[in-house]
Amino acid sequence: MNIIVVGLSHKTAAVEVREKLSIPEAKIEESIKHLLSYPHIEEVGIISTCNRLEIYAVVKETEQGVKEITQFLAEIGHLSLHSLRRHLFILLHQDAIRHLMRVSAGLESLVLGEGQILAQVKNTHKLSTKYQGMGRLLDRLFKQAMSAGKRVRTETNIGTGAVSISSAAVELVDMKLDDLSRQKVSIIGAGKMSRLLVQHLISKGVSDITIVNRSVSRSKELAKQFPQIELKLNLLEEMMEIVRDSDIVFTSTGATQPILDKNNLCSIECHHSIMLVDISVPRNVASDVEELDFIVAYNVDDLKAVVAQNQASRREMAREAELLLEEEIEAFELWWQSLETVPTISCLRSKIEEIREQELEKALSRLGSEFAEKHQEVIEALTRGIVNKILHDPMVQLRSQQDIEARRKALQTLQTLFNLEISEQFG
């Protein structure tokens, strides 16, 4: 068995490609089942965010597993294998393990040290467990990665003042305008990203903010979190009128197709400039809006310049985080290697348990039925306890042996001494 990751990110693919391969939460179950139907894939975990799509898998055979995941990505993105491959990265075993640790710690994020990715890794683990994509290996790996991400944030200062995609979007707008606080701002969507947008806009002195969302209840929940200002709440049906009257429009929805394009923006008869900032993947704003004179449009890829200004101060802290991650990687590797002992330990325990049951049955028959019936539970517990105590120390020593060669020699010795027939080996 081997752990691999096949994916793409803001480092390897532009938003035009990433949006084609984005997997919404509603499609995660279907995607996991599809991937598990391939003959060489045993376990699956999918991380899909605005900046990355990464498929982690335990595969029977590495090369075939990579081919199957690549084929899956080509199918869902409606891309040829040739055009897809130049955007993909493929990492195997320890490189895949290290990558997930770095992702969880925020070291692979567009915004170095950003905290939202840890929650997204946790959600990947939750969904993959729910839809039976996680087995023993990925379950342990994701739990170790979540622990690593939390540890980096508590034992280093990399997350201190770290900007999110939302705050970078607000910074971008602030850089482009003389006085952001005087602008009329609307936000389409009422999810986590929108909440962060409101938070950062308020910190810049913006008070005229309108939320446009499909659900009134969701908008009201968001508004309750900001009692210091009165957010205006509107339904999605009123979106175009709100856009027409706004100076700045942020879009952050889960729509799989653009909700703003050249056609519907042409219909609003706007006589002032509107800045559109799209932080969604797939994009909420079509690329053809740039043909309109009164529209200035930005998307997540345009945030890189803003983010670059905040990176230098975190690079030293990132080096501290790397040292912590090496400890977490080593801990996972030791656990992985210890799995080699499982078939031998299971076989030995089964053989000794079989001997115990046979000898117990003989002893009880000699004691007579009346005595045996009265004291069977006590005698059974006694024999089980003796077996467990005899096996305990050797098994602990075997599992904790860090010298791979020494552990393999010990396993071979056990198999020879007890004449064990091992039917399953971990590769």
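A residue is called buried when its relative accessible area is under 20%, exposed when the value is over 50%, and partly exposed in between, using a 1.4 Å probe and protein chains only. By that scale Cys50 is buried, with a relative accessible area of 16%. Cys266 is partly exposed, its relative accessible area being 43%. The structure is a predicted model, in which local features need pLDDT of at least 70 and side-chain atom pairs count only at pLDDT 80 or more, while totals for chains, interfaces and linings use all residues. Residues are numbered from 1 along each chain as its sequence is written, and side-chain values use heavy atoms, with hydrogens and water left out.

With a disulfide taken as a pair of cysteine sulfur atoms within 2.5 Å, the count comes to zero disulfides. Cys266 is in no disulfide, and the nearest cysteine sulfur, that of Cys270, is 11 Å away.

Next come the spaces inside the protein. Rolling a probe the size of a water molecule over the atoms shows where empty space is left. On a 1 Å grid over the protein atoms alone, a cavity is a set of points where a 1.4 Å probe fits but cannot get out, whereas a pocket is an open set with protein on both sides within 12 Å along at least five of seven lines; lining residues have an atom within 4 Å of a point. Points are joined across faces, edges and corners, and a volume is the space filled by probe spheres set on them.

Two cavities of 30 Å³ or more are found. The largest cavity holds about 110 Å³ of space, and its lining includes Cys50, Asn51, Arg52 and Gln120. Helices (H or I, at least four residues) and strands (E, at least two) are DSSP runs, numbered from the N terminus. Helix α6 (residues 116-130) gives the most to this lining, with three residues. For residue classes, Ala, Val, Leu, Ile, Met, Phe, Trp, Tyr, Cys and Pro count as nonpolar, Asp, Glu, Lys and Arg as charged, and the others, Gly among them, as polar. The lining of the largest cavity has five nonpolar, five polar and two charged residues.

The pockets come next. About 1300 Å³ of space lies in the largest pocket. Of its 38 lining residues, Glu25, Met193, Thr253, Gly254 and Val281 lie nearest the centre. Helix α6 provides the largest share of the lining, six residues, and the lining as a whole divides into 18 nonpolar, 16 polar and four charged residues. The second largest pocket has a volume of about 500 Å³. Among the 20 residues lining this second pocket, Glu19, Lys20, Ser22, Pro24 and Ile76 are the closest to its centre. Here α2 gives the most, with three residues.

A last stop is Asn284, found in the loop between β9 (274-278) and β10 (295-299). Asn284 is buried, with a relative accessible area of 0%. Not counting residues up to four places away in sequence, Asn284 touches Thr251, Ser252, Thr253, Ala255, Pro258, Ile259, Leu260 and Asp278, where contact means heavy atoms within 4.5 Å.
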